[in-house]
Each structure stands twice: as structure tokens, then as C-alpha cells.
2 protein chains.
Amino acid sequence: MNQDYIKPDNWSIIEEGFDADQVKSSESLFSIGNGAMGQRANFEEQYSGPTFQGSYIAGVYYPDKTKVGWWKNGYPEYFAKVLNAPNWIGIHVTINGETLDLFTCQKVENFRRELNMKEGWLSRSFTATLSNSVEIQVETKRFLSLDFDEVGAIAYHITPLNSDVLVNFSPYLDNGITNEDSNWDDKFWDVLSINHEANQAFIVSRTMKTDFHVCTAMQLQTLINGKEIEQDKTASNRDDFVEFKYQNQVHKNDTITMIKFGGYTTDRNHDKDNLIAVAKKTLDEVSKLGYNELLELQKKAWAEIWEKADITIEGDVKAQQGIRFNIFQLNQTYLGKDARLNIGPKGFTGEKYGGSTYWDTEAYCIPFYLATKNQEVARNLLAYRYHHLEKAIENAEKLGFKNGAALYPMVTMNGEECHNEWEITFEEIHRNGAIAFAIYNYYRFTGDYTYIPEKGLEVLIGIARFWHQRATFSEAKNKYVILGVTGPNEYENNVNNNFYTNYLAKWCIHYTLENIDKVEAEHASDFKRIMKKVQLSKKELSLWKKVADAMYFPFSEEKKVYLQQDGFLDKELITAANLDKSQRPINQKWSWDRILRSPYIKQADTLQGFYFFEDDFTTEELERHFDFYEPFTVHESSLSPCVHSIQAAKLGRMEQAYTFYLRTSRLDLDDYNHEVHEGLHITSMAGTWMSIVEGFGGMRVKNDTLSFSPKIPKQWNGYSFKINFRNQILKVHVHQNETHFELDGKTVLDIIVNGKAVKIQPNSLVKV
Amino acid sequence: MNQDYIKPDNWSIIEEGFDADQVKSSESLFSIGNGAMGQRANFEEQYSGPTFQGSYIAGVYYPDKTKVGWWKNGYPEYFAKVLNAPNWIGIHVTINGETLDLFTCQKVENFRRELNMKEGWLSRSFTATLSNSVEIQVETKRFLSLDFDEVGAIAYHITPLNSDVLVNFSPYLDNGITNEDSNWDDKFWDVLSINHEANQAFIVSRTMKTDFHVCTAMQLQTLINGKEIEQDKTASNRDDFVEFKYQNQVHKNDTITMIKFGGYTTDRNHDKDNLIAVAKKTLDEVSKLGYNELLELQKKAWAEIWEKADITIEGDVKAQQGIRFNIFQLNQTYLGKDARLNIGPKGFTGEKYGGSTYWDTEAYCIPFYLATKNQEVARNLLAYRYHHLEKAIENAEKLGFKNGAALYPMVTMNGEECHNEWEITFEEIHRNGAIAFAIYNYYRFTGDYTYIPEKGLEVLIGIARFWHQRATFSEAKNKYVILGVTGPNEYENNVNNNFYTNYLAKWCIHYTLENIDKVEAEHASDFKRIMKKVQLSKKELSLWKKVADAMYFPFSEEKKVYLQQDGFLDKELITAANLDKSQRPINQKWSWDRILRSPYIKQADTLQGFYFFEDDFTTEELERHFDFYEPFTVHESSLSPCVHSIQAAKLGRMEQAYTFYLRTSRLDLDDYNHEVHEGLHITSMAGTWMSIVEGFGGMRVKNDTLSFSPKIPKQWNGYSFKINFRNQILKVHVHQNETHFELDGKTVLDIIVNGKAVKIQPNSLVKV
């Protein structure tokens, strides 16, 4: 953990001073993305120190051959990985024939990196003394356009400081890239053609197996002291690489600038044969527009995002920086335009984990997107699962289920399973429940029921069928049990009757039954279409109901708590606070068996059920369960602190809520887990947002009504957030003694604040 | 399964007719070994069809880098694999320049392979018509000498049948070999030198990482019509290969013979710098002795083995062949001369599973070696674990245990863990109990207590410490529990309170306490030495006792059975007989989660406890547990049928006992599991022996006395076995109506037959 390395700032992430040991971490933290592509903050010029090069194109993946020690029936033979894409940002630089490389320079001074979150760009500046003793000042700025999401732009400025110099810029495209996490060092890309014409170059390549066709392109402009110059270049290329060489004599204190536009067109969005033409057209368009104008558009586009999504925190710059970093990264990763995409656990900042979609999307990200975007965005996230329903049914069939039962994969890219640990892949089945819960959540928040008859009900039926078949009857208990599962707490594997899983299963069946009735009554033609497709009999429905009604929940009469699973009380119940510090984090210090037989909880499990279904339990019950389980919780998942923060806030324990909040909001900025060099924790960032809005703000939606019970950590002067609720934006500003509500919309909004009805008129401030 | 492919024969394994599809299976079945080395029955001449080439040297292994999908703390970084050794058997043959290759011949007729178990050799004969239409008769015989265990011998005879021909023999040594099961295709061998001189050649090579030095050697003789000829050869070699070329014109119907002696010397047994000299000396010695004389010695050596170990079965040739195959293979794999060696699960017949030592050795193999060899052999097997005690303590430390607690690895070569599935490696801890039980078993059978003060007690103390630390106190149960284990039934993972494990743990502690007292009383100086080493306090002993005395055993009051583990009765208790045949074997048809939540049992688990500790339970209890568990048992482990056969026999259910016996005795010969091409199931072969001796014969040792309760399957006319009991050999011959006992020894032997005392005089027949 390094809490001083990133400078506090309200709107920017700033690094000052060059430290080769931090390069890989900074490459993650300063990553940029525009929902369609993204890249780590690799330097444009050569860097021979430790680095992790990564550029990624949304939806372009590679099915890597599964690698396991011991094969278990049911493992997927291949699984989809985020694929390192061709590098378009590279600009090789020499000064008087000497390569610019920060790792080998005599001196690097005044190094500064800034990721400007307000405007969506990344800059870098430094003064370098090369080994030939030439001193130069370098400034670069880079962004991936939100308006033209197939291009990015780089401005690379060099000013010689102590002599006239010969500057050689060699901008290039490089398809010779590999994945750090490749299983077998297979070749992932096959180059089909390399072309160049005037100041543009194109590499068309295809991915092996998946056969995605991608055109990587660049266009160059050279400027001296801000004025474009016409000039000759030499072009050269080899198998998977093309570069231009621009050579200029530059006077001391003059500035030479290389503008590089680049990016990708893919056959996910265009005809395979048209990729170069589309890329050429887009490059022509943006270069005509010019770098500066494109940057102005970028600022406007980000301003629009912040207009709906910003959270302010007064009196705590680090907290302010943290929450904006989370909101910024989520928006860099996913913007909701394409229902075939989802929110990868590392976004465009790394490769680890493979796949792109976990239950994180439904449990953590959907609330964020529901409240900060138009409803189409969350609807697209739901539709993503609808489009994978057939694959989920196939997946369930592989595990022995039948008759349309659906088990969504633990991790997926295209609907197929991308995970291969039996205790997770086959047993962490609660993910199926989160997908149903997200449908409920979407309707609850938006009031848009149309999704359910159109798409959602089929998903619900597949899921309900799974739970019905997965539960078995225990003669001994005279109840239905669910054996052999892993709950959200992955520090328990293959347990019986995980409370959260059983509760979710019961709820899924009941919720599906309820919606079958509602769709039958209110959407007759959809009902007919669906029933024809799924072949559901009254008999089957009554069997579902039988299972749901007689579901078993382990409960301790003595402790008056539901048990996380059968046998939980047989453990040595020593709280986490009584563990020696040297033993933490247990996932790095202990062998797996020791973790499993311990009572320690990785992330909310029973409490996740209390979070999803809070209205089913009293506050006293919540308190009792919180007090029983939280002391055993080691919060070693990035998804853990947020739920606990929300619940602590609900219980009025603001100190504890604030402590949890800190842990989630600067997880990556302060590198709590010593792994930021591998990439950022994108999905848990939505949990940070939830901690403020649902935790401190107490925001809920019930019966088509927004409600709040605002609380504020004593460390803050105030904070504000915005809720895009049914096409109006409500701004909530919480101060130490009162809360202000402001509505940007046209219709009076009835809300509930601390249990009391409050009317908010459009465009007027209401203080409560 | 192919039940007709091996011809029934009392003493030989015979294959008739050439079938390329059977080559890999036959390579396993016809494997030969002499305890120090072994090899699959690969052809000497080139074979271009599907083949699995395998030669192995006992104790020469390679630590392969672990390959897993997801790393868990505690996994070994490397683990030892059986290493494919240089090939010394190869003889390239051309006839008139045409390569002899059975896969490409015009015709192969009268193909016959015989593995003569009585005399310990492998032969092959066939008539081949080459594509040049030359017809030749080939006869080969090969054996690995028991007397000179660093050499083997091959006689390769060719008789041209339809013309005079030019025969070219090119015998070679090849170090360019790889492992089929290599994780990363690493290079395993490094060739140091290649030499040849007269008719001898030597390759000295070393294994990477482990740095074993091995000299692979050969010596050649050529004969025409049985008479050695002097002749010139040409020698050639490349990086990892050396060959001689012998060219001879052979008249139609004359026979040319190549005698090849070859094998290995290693620095496990000799000085590194002496390997060639030792190999040369041994080759000189055996070639001076001559092929025929060496073969005569081989026959004598095997006769001595059979003298102590043979089992006869009258009236059932296949059963006879099966049991002798099992006894033969066990003796090919391990002869007990070297306490650094053990009994690999595939012996010298394949590579699968890595490592060489499982709990199979203690639970299944030791009884066989106890009764068929001098006691030094079993004592060497115990000492093997004694020598690994320090490593077992280190292994336990890696998993968080301390103070000298020892956890023996699940699979090992040199004491280090060779396994990497958390549910097995970390959780299948009952293996530790089997190691203690073997010490008890050795003393019970041999009456030799010296092993315990000398070595065994330290092992017992390490094991008892492990159990004491591994059990935890459950407040809820007010008992000690053992959480998170995998029992012998590997179709359950990470269960709580596996009856067998808990019972064994309790027994281990009590047995260790008992021996601490006994060693203190009877071997004071050993006691002093050991206590100084292990630092054991009275306090610690009382803590052990507390755990053992209050151990929890799951029990169903309703069914009156001990439960395999907590929660077993929550399963859907459908017996295996009610499973659709299409679903069997479940380990091939079902995903892992489905297997885990089913009640199906892979091999004896609770019943394994009843087998080890049969005197702790009444016959009624055994019957109740057998009737409860066996119906859920799918016997998908090669170790399963034998224990059930023994228990069925004890319960007087001879039909069932016989059915189980059949399943174990011809497992490989009839290829029940469709996997014999990968190698043989060596360790389970000892279970077959147990089925006859302990099952049908009812042999037990209690209070220094042998007892029997002979039963006989109605399908047999009679059967006999031998027991080497305290330096006298008792032959037991069971007929349908009576049993004959004959003692080869000098002292009257008091035994118990069907509960009654019987005196057996030396060298006289007693009928009961």
C-alpha cells in the first residue's frame, strides 16, 4: 500500500517524480478507455524498464485452451480471455540518433503524469537528459474519443533545451503483441495485410479461432511551434509491424509536435471487407476536425457524464478523488451503448481473470448504471443475459440439468463458461439468483415492466427451473436442501444449505411464479409466445412451488441467527480481531484448507441476503446477524466493504460505515492489495458508489418512490450525489445538519425523507 | 473391456494375432521389471503405429513444474514424476535395405506374445512379409535380470523364409526420450558423454534439476544358427544417440541372432565417476556368463519368489491367471531391497499420477509383502516413511501446523508432496493414519517390536501431534471435530467429521500413547533419545488424550449407523442399483458437483474403518454398515472391490464376495476401465491377494497367532496360498469340504481354524 504516491486532487490523478518501480502500477492507475477500447498508460516512446503493455478492444476475445492440474468432467475445453490488441500508440523517438527511453536516460526531472477525470485525458511531462547529454522537454497528451469511439489522439511535443537537435519520430503500429496471461503461448493474431498511403497506415489482422477481423490504423501530422509542416517520411514494415520515420532539425527552445490519431475498426461493427475504408474515413474526419477540436468535444462529452453521475465530497480531498476515480473508471469501461458488451473485472486495465462478466455486474454495477444513466443502459446489461440464455441452458445441460433449466456461467464473454475451478464453476450457483434479482431491481427502479414480458420472463423461467432441479429433498430434514455449493463467501467450498443461496433460490421461484401470473394477466400475447417456447405445465409450476415453500434454512435457536451453512457453529469461532496481524491477509498467509475450516468470511454472504432482501427482516434481525457475522469477516474481497458500509450506516454506526467506505473507495489508488500493477478492480468501484448513495444517503426505491435517510460521516462537511430517476435528475446534497434536494426535471417528485413524505418541485431547492 | 484378448493360461499372459489397436494396451500388460528398472513391452525394432514408449529406472525422477488452473497457497511448486529413461532395447532392423516395421508390413502372421510369469521373460514371434515381399520369421525373448538388476537381455532371431537376404541389425541407445505426461515440455535429460568400444556403447547423462547421473549401456553379440560370429560393425552417434550397424548375408532358413545386453548404472548406487566402469564390468560379466545361463538364473530367481508367494486356484484358469498376474507384477515393481524405493501406482508400466508412494502402500501392499517375503521387506517400506519424517514435518508446517506435527504427503517420491488438488493434497489426511496403522500391522504380524523404539515411535509421535492439532473443539457439539477433510471416498470433498478419519485420528493418538508407555518401560535408552529429540511434555500428552477421548463420530440413531460424514442423510439416497446403466461410471458421465452431492461412494470409506478395526465392532454392526453403505458404492476405484470382498466373505456372502473378487483380479487383463494402455494398476493388485487370503481364507493375526476361517467360492475346486509367518511358510490349501495345512519350517505352529486351536507340525499335512 502506498498512500502518498498519488497526489490528492479533486479532479485529477497526479503522479510527480519518475520512479521506475511504480511504472507498472501507474500504467494501471492512469489507464484510459472509452467503452469501446482502452489501454494501459504505457509510454508512447520506447521503455526498456519493467512494463506491462496492454491495449484492448471491447468484445474482441480469444478462447484460450483450458489449463488445469487435474481435469474434472464439465470443465470448459476453452475459455475466453480479454485479448491484448495491436499497439497503435507507439512512437519511437531518437534525438541526434539516441533513443529516448526513460529507463536509460542520464536524468529525468519534473516528471508529472495527470489523468484529468473531468475532461477525460492523460498527460505526461518531463525534462530528460539523454546519455548524449542532450536535454529535452517532453509534453504528451492522449485521449480516447467518446464521440468517435474508434479513435484516440496523441499530441507528443519535444522542445530541445540545450542545443539544436535532430529529432526523429517513428510512429508505428505493432501487431506483434502477446497476452501476459496466455495459457500455452499460442499465437492469438494472424496478420492479413499491411498498407500505408500518405500519412496513414493500416494493419488488418484476425484473431485465431474467434476470427475477429480488426483494422489497426494511424494517421500522422507534424507541427513546429504549433504550425503543421508538410514533410517527407520513409515507411517500412515487416510481418506484423509498420512504421513511418519523420526526421527534423529542431532549434533549441523550438517545439516539434507529432500528432498521432489511431485506433481500431472491427467486424463486430462493420463489414469485414470495409475495415480499412471505414478506418480511413474516420481518420480523415478527425484529422480534418483537428486534434484541438477533438479534445474540446471530449471535454464536453465527459461534462455530460459528470452532469448525471458526479458525487462531491466537501472537506476531504482524498475521499473526493477516490469516489470520482471510481465513477470515472466505470464510465471508461462501459457506457451501455452495446448490449453485447459488459463490465470486465479489470476493464481495459489488465488481463487477469479472463472473461468479462461476473455476477458483480448484476449485484453491484446495475444499481450504479440505473441511477447515473438512462434506463436503456441497465436494460442493455439485462439483455446481455437474455442473449446468453440458450448458452446458459446448454451450460446447465452439461452439468446434468434438463428441460430448459439455465445456469449462467460464473464468468463469461459470449455466454460460455470461462472458469475452471469446480468449487466455483459448478458450485457458486448463487450467481443465477443475482441475475434474477437484477431484473427485479430494474423494474423496481425504472417502473419499466416491458422488459419482463419481452425478455426477462424467459430468463426467470430458466433460472427457476434450475433451482427447482438443483434442490433435493432431505428425508432427514423433511425439507428441500441445496447441497454442495459455494456462497459469495468463497472461503467456504462445497457446503450444504448456504443460507444466502437457499434464500435466493426460494425467492427466484416465487418471483418467477408471480411474474408468470402478471404476464399472463397483462401481456397475453407475450405470455402465449413464451409458453409456446418454454413448454411449462401447471404441474411443473406446482412442483417449483413445493420446493420453494419447503426450502430449508439453517438456523441456530441459541444464537437466533440463520447459519451461513450447515455446521457453521462447529468451527472455532475466534473473531478476526483476535487473529494475529502477521496472519493477515489469510488468503496470502494460510493454506486453502486452513481458510476453509476457519470461520473467516471473505465478503458478505448471509449479510448479502440481508442486503438484497432487507425488507424481509427487521432491523433487530439485521443487527443481530451483522454483529454475529461481521466480526468473522476479513473483507479480503474488493466487494466486501461496500455492503457492510451500507448496513453499518443503516444501523446508525457511522464510524464503522466510514471505515468501510475508506477501504473501498481508494482500494486501487492506495493499492491496499499490492496488485494494482495487474490492473484496476473495476466492478467493485460500483460498490463504492453504493456506499455513499445507499449507505450514507440511505437511498431506496420502493413502490415507485425514492426514499432517503441521509447520514454524514463526521469527517465531512457535506457531500452530494445525483439520481437519474425516471427521466428526472434529483440532486441530493447532504450537510451535517440538513439535506438539500434539487430536481432537474419537469414534474413534481414525491419522495420520502427519513420516513416522511416530501414534495420536490422542479428546479427549486428543498431543505429537510 | 476386452475379455477375450488375453488367452487363458495358468502361468503365462498370451496374445495371439497382431492388432495395431491393441499395441498400447499390450505394451502395458506385457511390461517387465526387476524392482530396479522396468519397461513397457515396446518392440525392439522400429514401430510407426500408435505406441507409448516407456523405460523407467527405480528412484530416478524429475521435479516437474506444477501446472494448475488456479494456484492455492500450499501447493508444491514442483513435483516429482516418474521419468522416462533412455531406451536401451532398440534394435533397428532392415532386410535387403527395407525397414522391419510391423505397422507397414505387407502381412504379419502367427503373431504371438507371451509373458511367462513363472520364469520371468517376455517373448514374441511372428512371420512378416515386408513390402519388398521378403518373408521372415522373427523370434525375440527379453528379460530383466533379478540376479544382476542393472541389466536385461534380448535375443532377437531372424530366419529368412523365401530367399537369401541381407540383414542389417542396428542396435542403439537413445537418450532422446520425453515424458508423455510432461507439464511444460521441459527438457528432462542432459547428455554428458557418448562412448563406444568394441561391441559396447555407453551414454552418460544427467537429469535436469535432480542431477541423477545415469549410464545407459549395451553390449552386442551376433550368432548365425546359434554360433557366435566375429564381425565388423560401423558405429555412429549424434547428440543423444549411439548405434552400431551389423550387416550379414543370411541364407534362406538360416537363423541370425542378435544378443543385446543392456541397462543402467546410476549414481544412486555408485560413484558418479564410476558409472561407465561399473556398467562395463557388469556387461563383461553377463556376456561372459552368456545369454542362456543368465536366463537359467532368471528362472531360478523367479521360482524362489513363487515358492513363497504363489496362489493356486483349481478349476478356473482365468482366476488362476489373474491372481498370478497380480503377484507377478507386484514382484516386478518392488522387491524390498532398497528402503529408498516404494511401490508406484503404475510401477514401471506407465507415467500417470506422478510420484511413487500413496497410502496404497500402507493400506494394501504391506499385508502382501508381510506374508510373502521376509520381514525386512515390510520393514524397509516402513523405514521409507521414517526417512521422510522431516519432510512430513515441513509439509505440515507449510499448512500451518507446528511443534513437530507431521503430515505425510498424499503422493511422494522423496518425501515432498507431488499432488496439487487442494481437496486431496490438503484434505485427504487420513493417509497419515494408514502410515501409523502399518506400523501396528507390522508388529502384529511379525512380532518384531524393535522397529518401534528404533524408528516407528518418532513417526507415531509426529502423526499424533498432527491429529491433535488438526482436530478443533466444537462448542455446539461439546466434542472435538475434524472439519474440512476428504475421506477414502474421494467422491466427497471438504466434508466435516468423516467417520473413518475421526476414528483413525482417535486410534492414532491412543496407539501412540500406548507405545510411548511401552517404549519408556522396555526400551529406556531409545525412549531417552527420542524424548530428547521430540521434546514431548506430559502436558502435551494429556492434551492429545483429551482430544482422542472426546472425538466426535456422526451417528444416526434412526439407522443405527455411523455416518460417513456430517449431513450424509440429507442426500437423495437412491442406491447405485437404481441408477440407469447409461449413467455409469459416474466419474465419466457426471460433472464433479453432481458426483459430490450424490450419495455414491467411490471406495470403502466407513467400511475401510470397519476393515482396519474390525475387532472394535460386532459382526452385526459390520453387517448393518455393510448393508447401508455398499448399495451406494460404485466401486470406481481399483481399491474398492477387495475390501468389500473380504467383508462379504466374513459375512458369509460368498456369491457377492466372489463377484467382487472377479472385479479386482482381472481389472487390467480384461481392461475394465478402458485405460490399460496408460499402464497397470499395480497397488490395487495387492488388494486382490488380500481378497483371497484375508477374504476367502479368512487369515488374521491376533495375539501372535495366525487364524483362518476358510471359505471357497462354489465355482472353484480348490485354492491354495502361502503365508510366510515368522520365518516359517504355511501352505493353506482350501478344498470344497476341507482345508489342508502344511508347514515348511522347523517349529510347531499353533494356529486357529474357525475358532478352534490347531497344531501344525513341520512338514506334515493337517486336514481340518
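Okay, let's begin in chain B: Pro585(B) sits in the loop between strand 24 (561-562) and helix 14 (586-589) of that chain.

Before going on, a word on the ground rules. This is a predicted model, where local features need pLDDT of at least 70, side-chain atom pairs count only at pLDDT 80 or more, and totals for chains, interfaces and linings use all residues. Residues are numbered from 1 along each chain as its sequence is written, chains are lettered from A and ligands numbered from 1 in the order in which they are written, and side-chain values use heavy atoms, with hydrogens and water left out.

So what kind of peptide bond joins Arg584(B) and Pro585(B)? It's a cis one, with omega about -10°. Over in chain A, Arg584(A) and Pro585(A) are also joined by a cis bond, omega about -10°, and Pro585(A) is in the loop between strand 24 (561-562) and helix 14 (586-589).

Why point these out? Because most peptide bonds are trans, and most residues other than glycine have a negative phi.

On to phi, then. Asp211(A) has a positive one, near 55°, and lies in the loop between strand 14 (200-207) and strand 15 (213-224) of chain A. Its relative accessibility is 28%, so Asp211(A) counts as partly exposed; that term covers everything between buried (under 20% relative accessible area) and exposed (over 50%), using a 1.4 Å probe and protein chains only.

Last stop: Asn403(B), with phi near 55°, in the loop between helix 7 (389-398) and helix 8 (422-425) of chain B. Asn403(B) is partly exposed because its relative accessibility is 41%.

Technical notes
Helices (H or I, at least four residues) and strands (E, at least two) are DSSP runs, numbered from the N terminus.
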